[in-house]
Structure formats: structure tokens, C-alpha cells
Amino acid sequence: MPAPQISLHLTKFEQIEILRAEIEAREDELKNMDKSVREILYHYERQKFLQTVHPLFMQLPPHEGLATLPQLNAQRDALREAIDSMLGTLKLLESETAGQAAP
């Protein structure tokens, strides 16, 4: 005889806690990504400036992260959209559970 099927249903309060934790984690990830983009852009702008100062700097290879900049920006956009979506869902869940005590 087969064992009964196990099922699980998240409560709205559990969903809220999951969203809060994910939002925090994704915001941290976004901050780190922003830092990486700023660092790449700084090195790019630095090199452009130095190239105006002396031709020697024309020979320098571009920053290794410059090639990944479009991909990083796309990831940042997707991450921002995910965070915005989670925030919207969180507000909805919080309004549905307003005044209710967590089990």
C-alpha cells in the first residue's frame, strides 16, 4: 500500500517572511552589482582621461570587466524588476493579513 501523499501549503505569513528574506538578499546582491559596475566605469573613465594626457596610455588594455558591462547592466535590471515585483506582492500580502495575528 503506498504511503499517503505529502503536501504542504505556505501560509500568507510564511509567504511574507520568505519575501522579506529574499528582498533583503536581492537588495544586497544589487548593491554588490552596483559597486562592480561603478568600479568598471571608474577604470574606464580613468583610462579615457589618461589617454587625453599622453599617447602612452593609448597602449593600455581596457579594463577586463568592460566586456561584461552590458551583461551586468542587464542582470541589474532583471534584479531590480524582481525586487519591485516582490515588494508589490509583499504589500498585497501585508494588506490581506493586516490586523491578523500570525499563527
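Mentor: Begin with burial: a residue is called buried when its relative accessible area is under 20%, exposed when that value is over 50%, and partly exposed in between. Keep in mind that this is a predicted model. Glutamine 47, at a relative accessible area of 12%, is therefore buried. Glutamine 47 belongs to helix H1.

Trainee: Which residues does glutamine 47 touch, not counting residues up to four places away in sequence?

Mentor: A contact list of this kind leaves out the sequence neighbours, and contact means heavy atoms within 4.5 Å. For glutamine 47 the list is Phe57, Leu60, Pro61, Pro62 and His63. Two of these names deserve a separate look: leucine 60 is located in the loop between H1 and H2, and histidine 63 is found in the loop between H1 and H2 as well.

Trainee: Is histidine 63 buried or exposed?

Mentor: Histidine 63 has 17% relative accessibility, so it counts as buried. Apart from residues up to four places away in sequence, histidine 63 touches Glu39, Ile40, His43 and Gln47.

Trainee: How do I read the arrangement of two helices, here H1 and H2?

Mentor: Take the axis separation and the crossing angle; an angle over 145 degrees counts as roughly antiparallel. The axes of helix H1 (residues 12-53) and H2 come within 9 Å, with a crossing angle of roughly 155°. H1 is therefore roughly antiparallel to H2. The contact of H1 with H2 holds 16 nonpolar, four polar and 11 charged residues. As for handedness, H1 and H2 cross in the left-handed sense.

Trainee: What can I set beside separation in sequence?

Mentor: Lysine 35 and glutamine 15 are 20 residues apart in sequence, with 30 Å between their C-alpha atoms. Lysine 35 is a residue of helix H1, and its 55% relative accessibility means that it counts as exposed. For glutamine 47 and leucine 87, 40 residues apart in sequence, the C-alpha distance is 39 Å. Leucine 60 and glutamate 94 are 34 residues apart in sequence and 54 Å apart in space, C-alpha to C-alpha. Leucine 66 and leucine 79 are 13 residues apart along the chain, and their C-alpha atoms are separated by 20 Å.

Trainee: Where is threonine 97 found, and which residues is it in contact with once neighbours within four places in sequence are left aside?

Mentor: Start with the segment, then the contacts. Threonine 97 is in the segment after helix H2 (69-96). Its contacts, with neighbours within four places left aside, are Lys12, Phe13 and Ile16. Threonine 97 counts as buried because its relative accessibility is 7%. The threonine 97 side chain also reaches the backbone oxygen of leucine 93, at 2.9 Å.

Definitions and conventions:
Residues are numbered from 1 along each chain as its sequence is written. This is a predicted model: local features need pLDDT of at least 70, side-chain atom pairs count only at pLDDT 80 or more; totals for chains, interfaces and linings use all residues. Side-chain values use heavy atoms; hydrogens and water are left out. Buried means under 20% relative accessible area, exposed over 50%, partly exposed in between (1.4 Å probe, protein chains only). A polar contact is a pair of N or O atoms within 3.5 Å; within protein, one must be able to donate a hydrogen and the other to accept it, and residues adjacent in sequence count only if both atoms are side-chain atoms. Axes are lines fitted to C-alpha atoms, for helices over the stretch in contact, and angles run from 0 to 180 degrees between N-to-C directions. Angles under 35 degrees count as roughly parallel, over 145 as roughly antiparallel, 65 to 115 as roughly perpendicular and the rest as oblique. A crossing is left-handed if the near helix is turned anticlockwise from the far one by less than a right angle, and right-handed if clockwise. Ala, Val, Leu, Ile, Met, Phe, Trp, Tyr, Cys and Pro count as nonpolar, Asp, Glu, Lys and Arg as charged, and the others, Gly among them, as polar.
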